[in-house]
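Please read it with the structure open.

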Amino acid sequence: MGTEQTTSVEISEPLLQDENADDKIRGVNADDQEIERIPEWKEQITIRGLVVSAILGTLFCIITHKLNLTVGIIPSLNVAAGLLGFFFVKSWTEVSTKLGFSVKPFTRQENTVIQTCVVACYGLAFSGGFGSYLLSMDEKTYKLIGEDYPGNRAEDVKNPGLLWMMGFIFVVSFLGLFSLVPLRKVMVLDYKLTYPSGTATAMLINSFHTSTGAELARNQVSCLGKYLSISFCWSCFKWFFSGVGDSCGFDNFPSLGLTLFKNTFYFDFSPTYVGCGLICPHLVNCSVLFGAIVSWGFLWPFISLKAGDWYPSGLGSNDFKGLYGYKVFIAISLILGDGLYNLIKIIAVTVKEVSTKRQSLPIIKEVTDGNTSKLLAEEKKRDEVFLRDGISNWYAASGYIGLAAISIAVMPMIFPALKWYLVLCSYLIAPALAFCNSYGTGLTDWSLASTYGKIGLFIIASLVGSNGGVIAGLAACGVMMSIVSTAADLMQDFKTGYLTMSSPKSMFVSQIVGTAMGCVIAPLTFWMYWTAFDVGTPDSPYKAPYAVIYREMAILGVEGFSELPKHCLALCCGFFVAALAVNLLRDVTPKKVSQFIPIPMAMAVPFYIGAYFAIDMFVGTVILFVWERINRKSSEDYAGAVASGLICGDGIWTIPSAILSIFRINPPICMYFGPSVST
């Protein structure tokens, strides 16, 4: 999934691809693949595969929602999707064989279809805006910003509803799949774009379907299952001590002392965040911690001393006229600065590469050893499979036009402020932006879907103005974000399919099926959180940090900057310029230096949320760092499985926790920590 992995989520470091990775894929078991029969595209899509995809899609939607509603960082779960897909179907075939049933063999193509379907499904839990632009429209976020806040109107409120959210996701999520289909040969074969995550996924799936790879996969599944069980049991144990409210339990354990605890510096024993630390690159984790130190260690304590001077004293902790306003707007400035820089950079690279037709990141290298003819034959076979099952340009164009017409008609019914001609304009420019994002993802593994969404948000909000501009801007953000995200995901899946000799038609159909699943599963799993927990409240575990940020962006698009607290605009400009400068410094310095320069986007997250999850992620990265020093091969083989187990176990516990909450069954114990009282 080339979403903002992150992706996403927006927090993602480009995967450093081994320059010989594709040669390895081609060279591993070439003899086996020569005698392997390539199934027809219809045979690659099976009932058992779709059942497994629905189960895993539901699980990963739950996990993605939890991360979206807590910290907003979404690590890539592609490896877990491929691994669990292999495990489920392999178990299915073995059990059926022992019971005497005749079953089709499990092929790498079916494995690829499952992985594609799962990623398409849970990708909508992110790009669907359930933790960002859709939630920004609700009454809680409106009241949190302040009913008297300039530009924050009661008319610009639309509370979550299961039916209208499903309708919205259905009408916007499929267009991206049709926007770039005619360019699949250009992107994969002519430009030979790397799509590092897609290539890595293909390498993983290819390795599963060899004798040695299958044994490693079984060990990885065993490791994942063990840590999933540990994580689930630990989350269950923590629940008994979490009491009523938000101040009890291990989630509020002052592990670094009460003074640091007041500034959100503590380890909260979260398996999910530790797992994220194991998956995310070291630089991302260290950048998050650095951002936490800068903001909660220095900047916010300094600004809080200015109460009564820079802003009125005695304001509530969530009042935008006080410290809370600085937190939100400075975080926004860092996010926009980082996003703008990378957008300009990737568009510049894209224009340069397209105009000169240079292959700056070639993935096929000349082979000069004795295996030349074998590898060339293997490459020819891949090209034949990729070109055999074509998807007609007429079908893609008519699909895009037809879906756009439906969306143009339906969107104003859901969001009256978003006029049909604004939707039409969005769909006219969306394919060009989708191409830029897909090409950039192929070069860098960095999807900027949310950045394109924010651009649409600002433009539409400013065009509509005060009479509905907030809702219209947020809805337009969803339209743009969905198209460019799904287009990049599909092109990355075409790359994976090319390397696993899967039919492009099966990839396209599995993307459509996975998207259709996601249109139902993502809203339903979000609705579980919405009904069971206090979503969107700052003191809740599910504070939905990006909901406030996106609504404030829409208000800024309508009203401008006149109502910011004192010196807030100057600080925002400073951090915006700093984000640009740091990114530029990362690009112009040698790699041995740039690898230690923090990522502004990652730094921005704790500015608003707090430092506690940064501590957890740093613990994860320290564990991985030590593991790599002790046994690098073991860490490469099993770190992803351990991380996925920790994340999945904690995510699965969400289901019984939500059921207990719905039935108003509260934890029996409140474990609370406070200063000792001298008598």
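## Basis

This is a predicted model; local features need pLDDT of at least 70, side-chain atom pairs count only at pLDDT 80 or more, and totals for chains, interfaces and linings use all residues. Residues are numbered from 1 along each chain as its sequence is written, and side-chain values use heavy atoms, with hydrogens and water left out.

## Nonpolar core

The largest nonpolar core has 190 residues. Such a core is a set of buried Ala, Val, Leu, Ile, Met, Phe, Trp, Tyr and Cys residues joined through side-chain atoms within 4.5 Å. Buried means under 20% relative accessible area, exposed over 50%, and partly exposed in between (1.4 Å probe, protein chains only). Phe60, Phe168, Met411, Phe415, Leu418 and Tyr427 touch the most other members. Helix α21 (residues 469–499) gives the most to this core: 18 residues. Helices here are DSSP runs (H or I, at least four residues), numbered from the N terminus.

Take Met411. Its contacts (heavy atoms within 4.5 Å) include Phe168, Val171 and Val172. Leu418, Val423, Ala475 and Val479 also touch Met411, with neighbours within four places in sequence left aside.

## α8 against α18

Helix α8 (residues 162–173) and helix α18 (residues 393–414) have axes that come within 10 Å and cross at roughly 155°. α8 is therefore roughly antiparallel to α18. Angles over 145 degrees count as roughly antiparallel, under 35 as roughly parallel, 65 to 115 as roughly perpendicular and the rest as oblique. Axes are lines fitted to C-alpha atoms over the stretch in contact, and angles run from 0 to 180 degrees between N-to-C directions.

The crossing of this pair is left-handed. That term applies if the near helix is turned anticlockwise from the far one by less than a right angle; clockwise is right-handed. Trp164, Gly167, Phe168, Val171 and Val172 of α8 meet Ser407, Val410, Met411 and Ile414 of α18. This contact has seven nonpolar, two polar and no charged residues. Asp, Glu, Lys and Arg count as charged; Ala, Val, Leu, Ile, Met, Phe, Trp, Tyr, Cys and Pro count as nonpolar; the others, Gly among them, are polar.

## α20 against α23

The axes of α20 (residues 449–464) and α23 (residues 545–559) come within 7 Å, crossing at roughly 40°. The two helices are therefore oblique to each other. Their crossing is right-handed.

On the α20 side, the contact uses Ser450, Lys454, Leu457, Phe458, Ala461 and Ser462. α23 supplies Tyr550, Met553, Ala554, Leu556, Gly557 and Val558. By class, eight are nonpolar, three polar and one charged.

## α21 against α22

α21 and α22 pack at about 140°, with axes 9 Å apart. This crossing is right-handed. Asp489, Leu490, Asp493, Phe494 and Gly497 of α21 meet Pro504, Met507, Phe508 and Gln511 of α22. The contact divides into five nonpolar, two polar and two charged residues.

Helix α14 (residues 271–279) is mostly covered, with eight of its nine residues buried. Among them are Tyr273, Val274, Cys276 and Leu278.

Phe269 sits in the loop between α13 (258–262) and α14. Phe269 is not a glycine, yet its phi is positive, about 60°. Ala544 lies in the loop between α22 (504–532) and α23. Ala544 also is not a glycine, and has a positive phi of about 50°. Are these residues buried or partly exposed? Phe269 counts as partly exposed because its relative accessibility is 24%. Ala544, at 0%, counts as buried.
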